[in-house]
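Have the model open while reading.

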Amino acid sequence: MTDIRSRERETLRSLTTAISLLLAGTGTLAHAQDVTDADQTAADNAGVLQEIVVTAQKREERLQDVPIAVSAISADQLNARGIGDVYDLGSLAPNLQISTATANNTGMQVSIRGATQINPALFWDPTVGIYLDGVYMSKNLGSVFEIVDLERVEVLRGPQGTLYGRNTLAGAINLVTRQPSGEFGGDASVNIGNFGLRIGKASLDLPRIGIASISLAARVEKRDGTPKTLPGSSVRDLNNRDAKSARLAVNLDFTDTFQAAYRFDFTDIDQKPLHSYLLRAEPSVLPFLQPYVTRERLDHVSVNADTFERSKVQGHSLTLTWDLGDRHELKSITAYRTLDWDDSLDLDGSPLLVAHTQRLSEYDTFSQELQLVGSTGSFYYVGGLYYFEDDGFTFNPQQFFFGTMNFDSRYGFGTKAWAAYGQVDYHVNDALTLTAGLRYTREKKNIERLLGVNFAPGDPFIPLVPEGTTAEETFSATTPQLVVSYKFSPAVNGYIKYAEGFKSGGFNGEYGDVGFTPDVIENNILEVKTPFEPEKIKSYEAGLKTTLAGGTLMLNTAVFYNDLDDLQLSIFRGTGAASSVIRNAGKATTKGFELEAAWQPIDQLRLQASYGYLDGEYDEFIDAGVNVADNRAFVHAPEHSFNLMVDGQIARTPWGVLRLLADYTWTDEFYLYPYQLASSGPNYDPTKAIARDTLVDSVGVLNLRLALQNIRMGDAIGEVALWGRNVTDEKHVANAIDFGPSFGNLTPGYYLEPRVYGMEVTVRW
């Protein structure tokens with residue numbers, strides 16, 4: 001405790017001194033010395049809102065011209081808001097909700113408009129497709145990796161089944177990195193903060209060498225854990241940071257009509273996961289855990305199990321582009337990615353060996369896409385062929401109740417998928433455009449499963465799912481899209497859209513009940529071999545995009561209505577090995593409204609807001625043959641959410657421009673699991689978990705950044721920034737696991753990151 005508080009005081013004194021030095025030099029606006037015209041051009045936003053070009057429809061278009069609900073965030077905003085990975089994007093688009101994957105910092109749960117996959121196990125597919133420079137990131141585990149040199153982020157809301165395909169039922173997130181400039185330049189930054197935070201980052205553009213333009217980037221982060229552990233614990237702290245990442249970008253201009261772009265990214269994370277705070281445990285079943293049950297975020301905790309989180313991601317992609325002349329372009333995107341991901345968790349959050357699990361995984365993917373993009377007359381088109389395959393294996397040992405119940409759980413999985421797609425825009429006249437698209441996807445999935453149990457370490461395992469249990473199934477879907485867009489004026493663009501999407505079917509690779517009768521083992525095998533069906537969506541959307549007040553005000557709105565069928569719901573099971581299964585529960589409807597606004601009343605001030613309203617309900621939820629739609633919680637669907645941002649210049653000084661950014665995000669309460677709503681009465685089942693026991697409360701999070709920019713340093717430009725995240729130190733349980741009545745209602749919870757703050761010094765040349 002003393003070490004933590006002394007380090008906090010030392011860091012706070014450093015930051016206070018830096019703030020004093022900054023403010024001492026700023027004076028007031030009335031007496032500030034003007035910076036040069038060149039400095040002011042770099043510091044201001046050119047008097048109107050910056051125009052953003054996106055590739056949401058596989059070709060470059062102005063954001064305000066794209067007839068879909070899409071949010072785009074530029075590099076300047078990404079840097080100012082301290083966004084470096086996918087997990088930080090949760091506040092940037094309406095009805096986008098991102099949570100850590102329970103105990104892990106390198107996995108996540110992503111929901112757009114109430115559609116999500118809450119369990120990140122590698123054999124399951126997400127509902128939101130994530131793309132890095134056009135390459136599909138196919139799983140949620142390992143998807144939180146450091147991305148250096150981000151140029152922009154695009155969040156596409158609603159099904160993207162035509163141009164993006166499988167597993168974009170809820171939407172897609174495009175991560176676009178910066179192109180090499182071919183000119184010498186770069187930047188470097190150092191970040192220090194509380195909890196011993198140290199971040200070093202550098203990016204370098206090399207002068208053009210023949211036909212090659214090359215850029216390099218690297219990032220290193222280290223931080224102590226936010227809770228320390230008590231003497232006798234198995235590790236020193238938890239929720240620390242220890243990550244290294246690098247990126248290489250090479251553009252080759254072979255001719256004026258043929259170019260190649262190679263991208264390599266690498267992230268190596270070896271750190272401790274979040275602590276499992278024990279929120280609840282049934283006293284009559286788990287009396288020995290009662291001293292460790294707490295609803296407080298503690299500074300010191302105790303764990304006894306081997307605890308770690310390791311994620312090593314490596315990606316290669318090669319994009320070949322041919323200019324075929326007369327406004328036609330052919331593109332080939334080839335990619336290969338690997339993931340080694342391991343974790344070891346003390347799920348009971350105590351020094352007792354009650355619940356300890358591990359996942360040791362290997363996963364790799366290969367994809368190949370051919371795109372033909374162009375226009376002829378009044379027609380604009382995009383067409384392509386796509387192939388994807390993956391292969392993975394997870395060893396998932398589990399140990400419960402002081403080593404009296406131990407599981408050997410293993411599963412392997414693979415996919416081979418191909419698709420053909422096309423979309424055509426017909427410009428009837430300058431105002432009216434009709435769009436039609438279609439995609440056909442076919443994929444084959446396989447699973448292999450082994451599960452055994454013993455009742456003392458070292459004893460032989462009794463098979464529950466025998467080795468050699470395998471299954472294979474083929475799924476296919478055709479997903480159309482129709483859009484009518486109309487430009488009422490150069491500044492007002494409206495559209496109506498119908499789209500379909502699907503999330504692939506698959507197998508319940510974790511399933512396994514404890515029991516030694518032939519019937520139980522036969523049912524375990526049947527559950528592994530029986531696939532769940534794809535989830536399908538029919539979406540109706542209308543939107544209006546406006547640019548007003550001479551380009552200083554942007555106001556975009558969208559309303560949507562979604563019909564979901566064969567809804568895939570992840571249900572946690574505390575019987576036998578800890579696992580989740582997916583069930584096709586039935587049908588659901590989601591509807592809502594979205595608003596995005598940005599206003600730049602003067603050059604030195606930008607105001608931004610977004611709001612999302614979401615209403616989700618089950619039309620049919622079949623449980624044991626009974627429709628219980630009125631008694632089940634709709635998950636990861638906060639009714640209201642909004643984000644407010646103020647980004648403005650406070651003063652111009654002899655040293656540079658002082659800029660303040662305040663970023664506030666509020667999210668309504670939401671349920672984590674599709675459990676029963678009733679806690680009493682005729683509809684209440686005491687053998688099943690209650691949804692309200694893991695209800696995530698509403699929360700507002702404030703981030704701040706104060707930066708002195710455009711500091712002249714010879715031929716370089718410097719910046720000094722003071723920043724804070726969760727500055728009000730909200731002690732908020734962001735996620736939890738409910739083991740249910742069969743496991744004594746053991747409920748570990750995971751807190752939002754506590755207040756972190758620091759100083760960043762950046763030099764650009």
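Strand β22 and strand β24 (residues 405-427) run antiparallel and are joined by 17 bridges. Within this pair, Tyr380 has Asp425 of β24 as its bridge partner. The model is a predicted one.

β22 (residues 379-395) also pairs with β21, again in the antiparallel sense and over 17 bridges. Here Tyr363 stands opposite Gly392 of β22. The two strands β21 and β22 make a hairpin, with two residues between them. Gly377 sits in that turn and has a positive phi of about 60°.

## The chain as a whole

The protein chain holds four helices and 41 strands. Its radius of gyration is 26 Å, close to the 27 Å that the globule rule gives for 765 residues, so the chain is as compact as a globular protein of that length. Along the principal axes, the C-alpha atoms fill a box of roughly 80 × 65 × 55 Å.

Of the 765 residues, 58% are buried. Contacts also reach across the sequence. Among those with a separation of 6 or more, 69% link residues 24 or more positions apart.

## β7, an enclosed strand

How many residues of β7 are buried? The count is five of five, so β7 is largely enclosed by the rest of the structure. In a regular strand, side chains alternate between the two faces of the sheet. In β7, Val128, Ile130 and Leu132 point one way, while Gly129 and Tyr131 point the other way. Residues of both sets are buried.

β7 has two partners described here. With β10 the strand β7 runs parallel, joined by five bridges. Gly129 stands opposite Ala172 of β10. With strand β8 (residues 135-137) the pairing of β7 is antiparallel, over three bridges. Tyr131 stands opposite Tyr136 of β8.

β7 and β8 also form a hairpin with two residues between them. Asp133 lies in the loop between these strands.

Asp133 has a positive phi of about 50° although it is not a glycine. Its relative accessible area is 22%, which makes Asp133 partly exposed. Phe401 is another residue other than glycine with a positive phi, near 50°. Phe401 is found in the loop between β23 (398-400) and β24. With 26% relative accessibility, Phe401 counts as partly exposed.

## A three-stranded open sheet

β4, β5 and β6 form an open sheet in the order β4-β5-β6, with antiparallel pairing. Its edge strands are β4 (96-101) and β6 (115-116), each of which pairs on one side only. Strand β5 (residues 104-112) is joined to β6 by two bridges. Ser111 stands opposite Thr116 of β6.

## Cavities and pockets

The model contains 14 cavities of 30 Å³ or more.

| Space | Volume | Lining residues | Lining by class |
|---|---|---|---|
| Largest cavity | About 400 Å³ | 27 residues | twelve nonpolar, twelve polar, three charged |
| Second largest pocket | About 1100 Å³ | 36 residues | eleven nonpolar, 14 polar, eleven charged |

In the second largest pocket, the lining residues closest to the centre are Thr55, Glu60, Gln179, Glu329 and Lys331. At least two lining residues each come from β7 (128-132), β9 (150-157), β10 (171-177), β16 (258-271), β19 (308-325), β20 and β21. β19 gives the most to this lining, with five residues.

Some strands connect these sections.

Key. Residues are numbered from 1 along each chain as its sequence is written. This is a predicted model: local features need pLDDT of at least 70, side-chain atom pairs count only at pLDDT 80 or more; totals for chains, interfaces and linings use all residues. Side-chain values use heavy atoms; hydrogens and water are left out. Two strands pair if DSSP finds at least two bridges between them. On a 1 Å grid over the protein atoms alone, a cavity is a set of points where a 1.4 Å probe fits but cannot get out, and a pocket is an open set with protein on both sides within 12 Å along at least five of seven lines; lining residues have an atom within 4 Å of a point. Grid points are joined across faces, edges and corners, and a volume is the space filled by probe spheres set on the points. Ala, Val, Leu, Ile, Met, Phe, Trp, Tyr, Cys and Pro count as nonpolar, Asp, Glu, Lys and Arg as charged, and the others, Gly among them, as polar. The radius of gyration is taken over C-alpha atoms; the globule rule is 2.2 Å times the number of residues to the power 0.38. Buried means under 20% relative accessible area, exposed over 50%, partly exposed in between (1.4 Å probe, protein chains only). Contact means heavy atoms within 4.5 Å.
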